[in-house]
Amino acid sequence: MMAQEIATAIQEGQKLNIILLDNHGFSSIGGLTRAVGNRGMGTQYRYGGTASSTEDPVCVDFVANAQSLGACAVRAKDPRGIA
């Protein structure tokens, strides 16, 4: 699902409950490509455009993004109190 589908659901009056887990990229695709010897081909959201784990992750505000599309969005915390 891409972000614009949220706007389409709102436009069409369809209720969606979306739970998003931010793993800073396309981890399943990255894992599959690394399993066959590839470096991951830009599947991590990290500064510098590399797949290096030493690079800081790019922080995407998914709550603000959903709200900008007209959705009611909240940021949940895990049981340890981390946002």
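What share of the contacts in the protein chain with a separation of 6 or more is accounted for by residues 24 or more positions apart? The share is 23%. The legends below concern a predicted model.

**View 1. Overall fold of the protein chain, which has 3 helices and 0 strands.**
Along the sequence, the elements follow the pattern α-α-α. The helix α1 covers residues 4–11 and α2 covers residues 27–35, while α3 covers residues 62–68. Of the 83 residues in the chain, 13% count as buried. The protein chain exposes about 6700 Å², and 57% of this area is supplied by carbon and sulfur atoms.

**View 2. A nonpolar patch on the surface, formed by L16, I18 and L20.**
Together, the three residues of this patch have about 280 Å² of accessible area. One of them, L16, is located in the loop between α1 and α2. The relative accessible area of L16 is 41%. This value places L16 in the partly exposed class, because that class lies between the buried limit of under 20% and the exposed limit of over 50%.

**View 3. The salt bridge between R75 and D61.**
The structure holds 1 salt bridge. In it, the side chains of R75 and D61 meet at 2.8 Å, N to O. R75 belongs to the segment after α3, and D61 to the loop between α2 and α3, so the pair ties together parts that are 14 residues apart in sequence. Why can two such side chains pair? Side chains of opposite charge can do so when their charged atoms come close.

**View 4. The cysteines C59 and C72.**
Are these residues buried or exposed? C59 counts as exposed, with a relative accessibility of 67%. C72 is exposed as well, with a relative accessible area of 80%. A disulfide is a covalent bond between the sulfur atoms of two cysteines. For a pair to be counted, the cysteine sulfur atoms must lie within 2.5 Å. By this rule, the count for the structure comes to 0 disulfides.

Conventions. Residues are numbered from 1 along each chain as its sequence is written. This is a predicted model: local features need pLDDT of at least 70, side-chain atom pairs count only at pLDDT 80 or more; totals for chains, interfaces and linings use all residues. Side-chain values use heavy atoms; hydrogens and water are left out. Helices (H or I, at least four residues) and strands (E, at least two) are DSSP runs, numbered from the N terminus. Buried means under 20% relative accessible area, exposed over 50%, partly exposed in between (1.4 Å probe, protein chains only). Contact means heavy atoms within 4.5 Å. Accessible areas come from the Shrake-Rupley method with a 1.4 Å probe; for residues, only the protein chains shown count as cover. Patches are made of residues with over 30% relative accessible area and no salt bridge: like charges are joined within 9 Å, nonpolar side chains (Val, Leu, Ile, Met, Phe, Trp, Tyr) within 5 Å. A salt bridge is a side-chain nitrogen of Lys or Arg within 4 Å of a carboxyl oxygen of Asp or Glu.
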